[in-house]
Amino acid sequence: MHRVTIQYHRPEDPTTFLDLYKREHAPIAARVPGLRRYSVAAARGRGDEVPGLVAELWFDDSSAAKAALASSEMRAAVEHAETLPVERMVVFTGDVEDLAVPAG
């Protein structure tokens, strides 16, 4: 699997941001081709560097992710993300290596 992670830092108003994200941005991002899983989590922690929201987009492999990143659907998602009321976004991507799998 290959994952693209986006961290949204310091939303102006966290409640409004989350509503806007789910209502407007998520439907745009969900159209990215090759997307296998799309999840978000409100981050918890201490300090100024903890993001307000973390989104993860999962793809079968790096080739699928590369094609998705070059798509018009991803361009639309990026353009919309740039309008979101957050101080900054951090984006990183990479192949995922499972280090432990639960027994059962």
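Reader: At what angle do helix 1 and helix 3 pack?
Author: In this predicted model, helix 1 (residues 14–29) and helix 3 (residues 72–81) pack at about 155°, with their axes 8 Å apart. Axes are lines fitted to C-alpha atoms over the stretch in contact, and angles run from 0 to 180 degrees between N-to-C directions. Helices are DSSP runs of H or I, at least four residues, and strands are runs of E, at least two, numbered from the N terminus.

Reader: Roughly parallel or antiparallel?
Author: Helix 1 and helix 3 are therefore roughly antiparallel, the term for angles over 145 degrees.

Reader: Which residues make the contact?
Author: Glu24, His25, Ile28 and Ala29 of helix 1 meet Ala76, Ala77, His80 and Ala81 of helix 3; contact means heavy atoms within 4.5 Å.

Reader: Pockets, then. What volume has the largest one?
Author: About 220 Å³, the space filled by probe spheres set on the grid points, which are joined across faces, edges and corners. A pocket is an open set of points on a 1 Å grid where a 1.4 Å probe fits, with protein on both sides within 12 Å along at least five of seven lines; lining residues have an atom within 4 Å of a point.

Reader: Which lining residues are closest to its centre?
Author: Ile6, Tyr8, Met74, Val78 and Val91, out of 16.

Reader: Which element gives the largest share of that lining?
Author: Helix 3, with four residues.

Methods:
Residues numbered from 1 in each chain as written. Predicted model: local features only at pLDDT ≥ 70, side-chain atom pairs only at ≥ 80, totals over all residues. Heavy atoms only, no water. Parallel < 35°, antiparallel > 145°, perpendicular 65-115°, else oblique.
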